[in-house]
Amino acid sequence: MPIHLPSLVQNIQTHFPNFRLKFKNEVWWMRLLCFLIGFLNKDFATKYCTTLGSTIYAPSPEYLQGPGRVAPVTALLHETVHLYDMKRLGKIPFEVLYLA
């Protein structure tokens with residue numbers, strides 16, 4: 001069964017009102033970060049979601065869309081756990097633990 005991405009995003013926003021989904025390939029500074037991190041991890045720009053604050057950055061819209069895209073949607077749900085952890089622990093303690 002295909003995942004309806006807008007419904008998933010809306011559901012996440014119900015629990016985390018400040019949540020935003022953005023795409024690494026559409027944000028200039030994230031593209032720069034992908035370029036810089038690309039020397040250490042060539043897949044960072046294309047295969048990883050990243051949570052910063054209440055925003056989850058997926059590689060691109062195509063990464064999450066289409067039939068059979070269960071693994072990327074699972075990654076999005078995993079990143080949502082980070083939003084929960086930040087809410088539970090507080091922003092600063094979470095960020096310190098997340099970076100460690």
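This short talk walks through the strands, the nonpolar cores, the cysteines and the salt bridges of the structure above.

Good morning, colleagues. Please keep in mind throughout that this is a predicted model.

I shall begin with strand S1, which spans residues 20–23. Leu21 and Phe23 form its covered face, while Arg20 and Lys22 make up the uncovered one. S1 pairs with strand S3, residues 55–58, in the parallel sense, and the pairing runs over four bridges. Within S3, Thr55 is the bridge partner of Arg20.

Leaving aside residues up to four places away in sequence, Leu21 touches Val9, Ile56, Ala58, Leu64 and Leu76. The largest nonpolar core has 18 residues, and those touching the most other members are Phe19, Leu21, Leu64 and Leu76. Which elements each supply at least two residues of this core? They are helix H1 (5–15), S1, S3, helix H4 (61–64) and helix H5 (70–89). There is also a second core, separate and made of five residues, with Val27, Met30, Phe44 and Tyr57 among them.

Let me turn to the cysteines. How many disulfides does the structure hold? The number is zero. Cys34 counts as buried because its relative accessibility is 9%. Cys49 likewise counts as buried, at 10% relative accessibility.

My last topic is charge. A search of the whole structure finds four salt bridges, and I shall describe some of them. Asp43 forms one with Lys42, where the closest N and O atoms are 4.0 Å apart. Asp43 also meets the side chain of Lys47 in a salt bridge, at 4.0 Å from N to O.

Another salt bridge joins Lys91 and Glu95, with 3.7 Å between the closest N and O atoms. Both residues belong to helix H6, residues 91–99, where they sit four residues apart, about one turn of the helix. Lys91 has 47% relative accessibility, so this residue counts as partly exposed.

That concludes the presentation. Thank you for your attention.

Terms used. Residues numbered from 1 in each chain as written. Predicted model: local features only at pLDDT ≥ 70, side-chain atom pairs only at ≥ 80, totals over all residues. Heavy atoms only, no water. Buried < 20%, exposed > 50% of the residue type's maximum accessible area, 1.4 Å probe, protein only. Pairing = 2+ DSSP bridges. Core = buried A, V, L, I, M, F, W, Y, C linked by side-chain atoms within 4.5 Å. Contact = heavy atoms within 4.5 Å. Disulfide = S-S within 2.5 Å.
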